[in-house]
Amino acid sequence: MNCLTAPAPVERGAALEERAVLRERGQHEVFCGLTGIIWLHRKIQDAFFLVVGSRTCAHLIQSAAGVMIFAEPRFGTAIIEERDLAGLADMNAELDRAVTSLLERRPEIKILFLVGSCPSEVIKLDLSRAAARLSETCSPDVRVFSYSGSGIETTFTQGEDACLAALVPALPQEPVAAEASLMVVGALPDVVEDQFRRLFDALGVGPVGFLPPRQSGALPAVGPQTRFLLAQPFLDTTARALEKRGASPITAPFPMGAEGTTAWLLAAAELWGVSRERFEDVTAPGRERAKRALQRHRERLAGKRVFFFPDSQLEIPLARFLARELEMELVEVGTPYLRQDHMAPELALLPPDVVVSEGQHVDKQIERCREARPDLVVCGLGLANPFEADGITTKWSIELVFSPIHGYEQAGDLAELFARPLDRRSRLEV
Ligand code: SF4
């Protein structure tokens, strides 16, 4: 089983109206959706992620989240052995036994995610039925959900989308006469969540809920009075599930960099009727701190040429940030999927002549990249080493998903993530 594989992207018929998009359909080189467990298990503190998969899946998660060796981890793998493949009935019984013993040992677990993998899909193990069965038989305090993180169905960041979408049906219904509320959607480090909460409070926007929450008891309510703001650009399925429950999206650029953060906050503030003066007063200190933090990185990055391979779905907002706030030159911006209604405000901010590509054809993209000889390539781990060996500086896109990069206070750190590999290269050359 290739763990750097992914399904072919869904063909979308509608053409972009304002920007030509190069559509690539070929070989992929991306991680599977199990990767999302690495940041999700840190976020939801009373959740456990049980991958139902092979030793390969266990190895992927353990090596990627290796820092957890110091604590009892909130993820694990129920290994599908060869003998399990012989009989699904036994497999279900074994899964029930594994879950019961896990919950007995770990009474602090309140949400259990059964995470599907390539092997569980191949043997057609129905994890949604298993989750329903286990929800009934487990402790009444534990809710069991399922989603797929398999490389057949999901790429890298789609695991988070599938996980959050699985939670949406369990969100409490907002009360009948509820006032308008805001839901921020996408896993954010706690420190960033707190910063955003303080800003929304100061603006008078709210009440504000976050999905995913830190604790299962804080699942935000949803209904027709809920407006939701995506904090991450890869949450298409979750957005649709929220819309089905009556919530409405607020479309805005994503909160990366000072400009994106301001536009994101403003989109909510306008809906809540916040005056321009109040908005300026609340956001000015953050904007000022971000501006100062970006200054020294701009000196390092301005004029440098950057090429994005499609990987995390963060590529378009990051490219916008690098071009507009750090004056970098964009050679090509690849994204694995392009949902135009979520991405339209971002696309409108990209320089008009930049090549935007959707999907992956890794050979062709490598060829274009080598020809362009950019100063920096943002790509997955599998491509980084060969490029580095060729003297092309790379940034691992996975690091951008693990690191706190949203909001004013993180704008400087985000810029530094791109400046660091260039500094390292120049030190090596010296
Ligand atoms: S889910 Fe599939 S692609 Fe991901 S680690 Fe397991 S076998 Fe590999």
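**Reading helices and sheets in a predicted model**

Q: What is the orientation of H9 and H11 to each other?
A: H9 and H11 are oblique to each other. This is a predicted model, so keep that in mind throughout. In general, two packed helices are described by the angle between their axes and the distance between the axes. Here helix H9 covers residues 257–271. It packs against H11 at an angle of about 120°. Their axes are 8 Å apart.

Q: What is the orientation of H7 to H10?
A: Start again from angle and distance, which describe two packed helices. Helix H7 spans residues 190–203, and helix H10 spans residues 276–301. They pack at about 150°, with axes 9 Å apart. That makes H7 roughly antiparallel to H10. The cut-off is an angle over 145 degrees.

Q: What is the handedness of the crossing of H7 and H10, and which residues meet there?
A: The crossing of H7 and H10 is right-handed. From H7 come Leu 199, Ala 202 and Leu 203. They meet Arg 278, Phe 279 and Val 282 of H10. By class, this contact has five nonpolar residues, no polar ones and one charged.

Q: Is the pair H6 and H8 roughly parallel or roughly antiparallel?
A: The axes of H6 and helix H8 (residues 236–244) come within 7 Å and cross at roughly 20°. That makes H6 roughly parallel to H8, because angles under 35 degrees count that way. Their crossing is left-handed.

Q: Which residues of H6 and H8 meet?
A: In H6, look for Asp 161, Ala 162, Leu 164 and Ala 165. In H8, look for Asp 236, Thr 237, Thr 238 and Ala 241. The classes are four nonpolar, two polar and two charged.

Q: How many bridges join E10 to E13?
A: Three bridges join them. E10 covers residues 305–308, and E13 covers residues 376–379. The two run parallel. For a landmark, find Phe 308, which stands opposite Val 378 in E13.

Q: What is the strand order in the open sheet of four strands?
A: The order is E3-E2-E4-E5, with parallel pairing. Strand E3 (75–79) and strand E5 (143–148) are the edges, each pairing on one side only. On average, neighbouring strands are turned by 25° against each other, direction ignored.

Q: How many bridges pair E4 and E5?
A: Strand E4 (residues 111–116) and E5 pair over six bridges, in the parallel sense. Leu 112 stands opposite Val 144 in E5. Helix H5 (residues 127–137) lies across strand E2 (47–53), E4 and E5, at about 175° to E5. Helix H6 (residues 158–167) also packs on the sheet, touching E4 and E5. The direction of H6 makes about 145° with that of E5.

Q: Is Glu 346 buried or exposed?
A: Count the neighbours. A residue is buried if 20 or more other C-beta atoms lie within 10 Å of its own. Glu 346 has 23, so it is buried. This residue lies in helix H12 (residues 340–347). Leaving out residues up to four places away in sequence, Glu 346 touches Pro 253, Phe 254, Ile 316, Pro 317 and Arg 320.

Technical notes: Residues are numbered from 1 along each chain as its sequence is written. This is a predicted model: local features need pLDDT of at least 70, side-chain atom pairs count only at pLDDT 80 or more; totals for chains, interfaces and linings use all residues. Two strands pair if DSSP finds at least two bridges between them. Axes are lines fitted to C-alpha atoms, for helices over the stretch in contact, and angles run from 0 to 180 degrees between N-to-C directions. Angles under 35 degrees count as roughly parallel, over 145 as roughly antiparallel, 65 to 115 as roughly perpendicular and the rest as oblique. A crossing is left-handed if the near helix is turned anticlockwise from the far one by less than a right angle, and right-handed if clockwise. Two residues are in contact if their C-beta atoms, placed from the backbone, lie within 7 Å. Ala, Val, Leu, Ile, Met, Phe, Trp, Tyr, Cys and Pro count as nonpolar, Asp, Glu, Lys and Arg as charged, and the others, Gly among them, as polar. A residue is buried if 20 or more other C-beta atoms lie within 10 Å of its own, exposed if 12 or fewer, and partly exposed in between; C-beta atoms are placed from the backbone.
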